[in-house]
Amino acid sequence: MASNSLSYNDQGDRGLGSESTELGQEATAMTSGGGFRLFSADYKKNEDLHQMLESNKDSLKLEAMKRIVGMIAKGKNASELFPAVVKNVASKNIELKKLVYVYLVRYAEEQQDLALLSISTFQRALKDPNQLIRASALRVLSSIRVSIIVPIMMLSIKEAASDLSPYVRKTAAHAIQKLYSLDAEQKEPLVEIIEKLLKDKSTLVAGSVVMSFEEVCPERIDLIHKNYRKLCNLLVDVEEWGQVVIINMLTRYARTQFLSPWKEEELLDESNEKTFYDSDEDQNKNGVAAKQPYVMDPDHRLLLRNTKPLLQSRNAAVVMGVAQLYWHLAPKSEVNIVAKSLVRLLRSHREVQYIVLQNIATMTIQRKGMFEPYLKSFYVRSTDPTQIKILKLEILTNLASETNISIVLREFQTYVKSQDKQFAAAAIQAIGRCATNISEVTDTCLNGLVYLLSNRDENVVAESVVVIKKLLQTQPSQHSEIIKHMAKLLSNITVSMARASILWLIGEYCERVPKIAPDVLRKVAKSFTNEEEIVKLQILNLGAKLYLTNPKQTKLLMQYILNVAKYDQNYDIRDRTRFIKQLIVPNEKSGALSKYAKKIFLVQKPAPILESPFKDRDRFQLSTLSHTLNTKASGYLELPDWPQTAPDPSVRNVEVIQPVQEQVTPVGKLKGKKDNLGGKFYSDSEEKEESSKSSESSSESDSKNEDSSSSSSEESSDSESEKEKKDKESENSDSENNQAKTKSKKLDSASSSESEESSSEDSSESESDSEPDSTVKQKKEGKSALSVAKAAIKQEVSLLDLFDFSDVSTPVALPKPVMASRLATDLEGLSLSSTAVIDVTTPVFVPAKSYSLLHRMSGKGLGAEYHFPRQPCIYNTKMVSVQITLTNSSEKEIRNIQIGERKLASGMQMHDFYEIECLEPGASKTVSMGIDFCDSTQAANFQLCTFNDHFSVSVQPPVGELLLPVTTSEKDFRKEQGKLTGMNENSTAITGSPQNSSCQAIVHKVVNMANVGVVPSGQDNIHRFAAKTVNSGALVLITIEVKEGSTMQLSINTEKSVIGSVLLRELKSVLSQE
C-alpha cells in the first residue's frame, strides 16, 4: 500500500479547509483541527477530488487516492471518479500507481469500457522492474471480465508464469481461475500453464497453483504424479491457507493411488479369531498364510510423516485438514495422534469450536477410544453458547461407557438444572440415550427421569415424559408403577407433547392399568374442545383402544367424544373421527376391516431406537461444508474409494532434473556442517573432507533422484560413516536424535530405498517431543551456509530461501550473505523482525462514576444507574462489561424486571442480565450485562420491562470505556507507533496550567478518562499509554510530551480513526481543565 511518509495533519496549508463531520451514527461533531479524515461520512464535496486527481502535483493525487480508497473501505460508491482515476494509471509515482491499481481491481468489472482504454498501460506495466507493479497489473487485467480481451489475458498469464519473481507467479496462478470462470473453453492452454507452475519449487506459488488445479482440472491426477513428493516435502513451509488446499488435494490423490491400510487390519483380526486353535496345515489349506502381509507404500508414509508436524500449527483450518487426512488415510492405530490437537482447538473462538466439535462428534461414533482420555475437555461451561453446549453433550453421550457412565450421568444431572431450556431438554434426551445404550444403568436413568417429573419447570417435565415413553417401550411389563405415576401428573402438565405422550402410554398399555385408564379418559373428555390437535388425536386413540378392551365402562364416553370431534374445526380430527367410528362401531355399512379392529389398534409397536444425529455424517469428508450442513453442497467432490489393486508407483519417479535447479543445494556440505554443529563428533579437517566428498557424489547422481538427490548419493557413498553416526547418535542425548531425524526428513529422497529408511526413522519419531525446535534451529544454521553458494550461482530464488537470511547466533563464524539486486527486490515488503509483546493487563484505575439509566420518577419508583467496571466481559470477549444497579423507591414490590425489546444498530449485540423476579421496596440489586458496541460510541437502545410497564432506556459508552489496557515495553511501543503513522495518527497542542503538567496529574487524568495502561518511559517529559479496542483488538497508542511553558503535545496512533479522533478531543478537554 501507499507510504505513510506524507503528513495529513496540516490540512489548512493545502487549502482544503476544515470540516465538521459526523462520526458513524453519532450526533457528536469532530473538531476541525484533527486529521485529514479519510473515512469521513461527508462525501458531498467530490469536486475537490477531481481537481486533485487532475493536478500536476503527485502529493495531491496521492492524498486524493487515499481518500478514495477510504471511501471504498467504508462501502461508499466511488465509481463516478473512475475516469479521473484511470488517467493516473501511467503515473511514474510507484505509491500512486499501487493505489490506482487497488481502485481498478474494485471497479474494472463495472466500468469495462473505460478500463479497456488502459489495457496498453497494463501490458507495459507487466514489464515493470518492480514485482509489485507487475503483479498488480496482472491482477487488474484479470479483473476486467470482457471476453474480447481473453487472448491478451492468456498471453499475460503465460508470461507471468515464467517471471523471475515468485510473487508474480503466484498472481498468475490466481489469474488462471478468473480466466477459466470467464471462458471455460480456454481449459486446455490453462492446464498447460498449471502443469508448468506445478513444477515450481517456490513455496509461495505451491498453494495458489494447487488451488487453480482444484478449480480448473481436479480430475487430471496425472499432473500430480511427478510433483507429489515435492509437494509433500514443501508442505511444511507453504503459507497456512496454501497448506489447507494442498492437504485436501493430497487426501483425494492418496485415496486413488494407495491401497487401504484398514482392510489388512480387519483381515488380521478375523484370521486371529478363526485360526487361533487351528494348526499350521489348516491355515495353509484355508489360504490364510498364502496372503501377503500389507506393506504401506513409501509415498503413503511420506505424506503421513510430512503432515504430522502441522498438527502443531496455529491455524485451526490446517490442524483440521491434517486431522481429516489421518482419519481418511492413516491406519487405525495411528489416528489417535490427532485427538490431542483437536482438543487444543477447543480453546479457540466459538466458531472454530462449533466446527471442531461437529467433526469430533462424527469421530466418536466410530472410534470413541480416541477421545476417552480427554473426557473432561468436553464438560459444558456456563459461558458456552447453546449450540456448543449441545455438541459437547452429544460427544459426552457418544463417549459414555460402562467405566465412565457414573461420571457422565453426574454431569447430566447438573445440566438438567440449567436455565437454558433447550440445553436442559437436550440433557434429558442424552440421559435417555445412555439408558438405551448401556443396559446396566437403564433402571437408574428411569428413576432419575421419574424424579424430574416433580420439577417446577414444565419444559423439563415435558421432555422427561417424552423420553420415559420411549424407554418404557423397551420393558413395559416392569414399569406399570411409572405409568400410574405419570397418569396422576396428567392434570398438572400443560405442554401438549407431554400430555400426548402420557395418553399414548396409557392407551398402549391399558390392559396393565385397567382401573386408571377409564378415569383418565373421563377427565380428558371434559377438556377435549380446549386441547391441542396432537392431544385430541391421542384422546381418540385412547378411546378407541378402551372401547375395544373395556366397552362396559367406556362406550358412552367414546360416543360423546366421537360426537364432539365430528364437528371439530381441524380437518384431520374430523377425518380421524369418521375413520375410527366406522372401524370400531359395527353397523350395516361396516366393511370387513371392522373384524380386525383389535389387531389394528392393539398390535405391539416396535421400540424406538435412540440414535445420534451424527450417525450417518461420515458419508461426507470431514471438515467440509457438506459435513457441517449434513447435505451435499455445491462444488463438493466425493472422496474416492480405495483401489482394489495397487496402481503403479513408478509414475511418481522423476528421472531427469534440471541441473541449474540442482546446483542450488550442496547438501553434503550443509549436512556435514549440521552434524558438526549439532553433535561436534568430527574435527574441522574431517568436516572439510566429508563435505568435498558429498558435493562430488551429489554432482554424479543428478540423473537418478528427484529433489535433493545429492543427499541420497552422499548417503550411499559414505554408508559406513553413516552407520557409525547412527550408532553414536543412538548413544547420545535426545536432542542429538532429534537433529538426525530432522535431517533425514528435510533431505528425503525420491527412491524407494530411502523411503523405507524414512519409514523406519518415523517409528522412533514419536519418542521425541522437541522435534519442531530442532527443525527450526537446523534450518537457520544450514541455510546461512547455503546462501553463500547461491550468491555465487545466479539463479532463481524461492521463498524457502528468502526467510533464511536472518542473523544466526551460533559459535561458528559464518560469512555475511551477499544478495543480488533481484533478491533485494524480491525481499521488498517482507518483514523479518519478531512480533512485539503486547498483553492485556488489569485496569490502572476504575472510576466510581455512574450514569443515569432510568430516573425513579420516570420509572414509577424504579430507578436504574449503570457503571463500567473496566473488567473483561464474561459473556463475550468482544463485549464491554456494564453493571446496572436497580433501586425500588416505591412502596410496593416490583416484579419481573428484565430486558425487553432491543433497538440496536447494525452489528451491535447485547447479553441480557437474568430476570429479577421480585425487588422489595427500598431494596437495591446490581446485575451485570455485556454490550458489543462495535468500537463505536453510539448508544445501545432497549426497553427495561417490569410486570406492568415498559421503559425505553439507552446505554451511552464514553470512548475511554471501549478500550482494554495493555502492557508493553517502550521499544515495542515505538515499533508499533512507527507502523501507525500518516492517516492513523492524530495530534494536537494543549496549553494547561503548571500544576496540571506534573507526571502524577497527567497520569491520573488520562487513566481516569480512558481505560489505558501506562507504558514505562525513559524520559521524564514524555508519558506513554497503550490500550486495545474491545471489539477488534486494534492498538491505541497515546503519547503526551510536556514542553516548555506548560504546553503539551498530544498524539494518538490507531488504525481506528474514529476512535482516535474522539479520544483526542476528550483528552484535550480533560488535560486543558484547571
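**Aromatic pairs and an open sheet**

The count comes to 13 aromatic pairs, where rings of Phe, Tyr and Trp (its six-membered ring) pair if their centres lie within 6.5 Å, with planes under 30 degrees apart called stacked, over 60 edge-to-face and the rest tilted. The model is predicted: local features need pLDDT of at least 70 and side-chain atom pairs pLDDT 80 or more, while totals for chains, interfaces and linings use all residues. Residues are numbered from 1 along each chain as its sequence is written, and side-chain values use heavy atoms, without hydrogens and water.

The rings of Tyr 228 and Tyr 253 are stacked, because their centres are 5.1 Å apart and their planes stand at 25°. Tyr 228 belongs to helix H13 (residues 228–234) and Tyr 253 to helix H14 (residues 240–257), so the pair ties together parts 25 residues apart in sequence; helices (H or I, at least four residues) and strands (E, at least two) are DSSP runs, numbered from the N terminus. Both Tyr 228 and Tyr 253 are buried, that is, under 20% relative accessible area, with exposed over 50% and partly exposed in between (1.4 Å probe, protein chains only).

An edge-to-face pair is formed by Tyr 851 and Phe 868, at 6.0 Å centre to centre and 75° between the planes. Tyr 851 lies in strand S2, and Phe 868 in the loop between strand S3 (862–867) and S4. Tyr 851 is partly exposed at 21% relative accessibility, whereas Phe 868 is buried at 3%.

Strand S2 also belongs to an open sheet of 5 strands with antiparallel pairing, in the order S2-S3-S4-S8-S6; two strands pair if DSSP finds at least two bridges between them. Strands S2 (851–854) and S6 (909–911) are the edge strands. Strand S4 (residues 880–888) is joined to strand S8 (residues 924–932) by 8 bridges, and Ser 881 has Gly 930 in S8 as its bridge partner.
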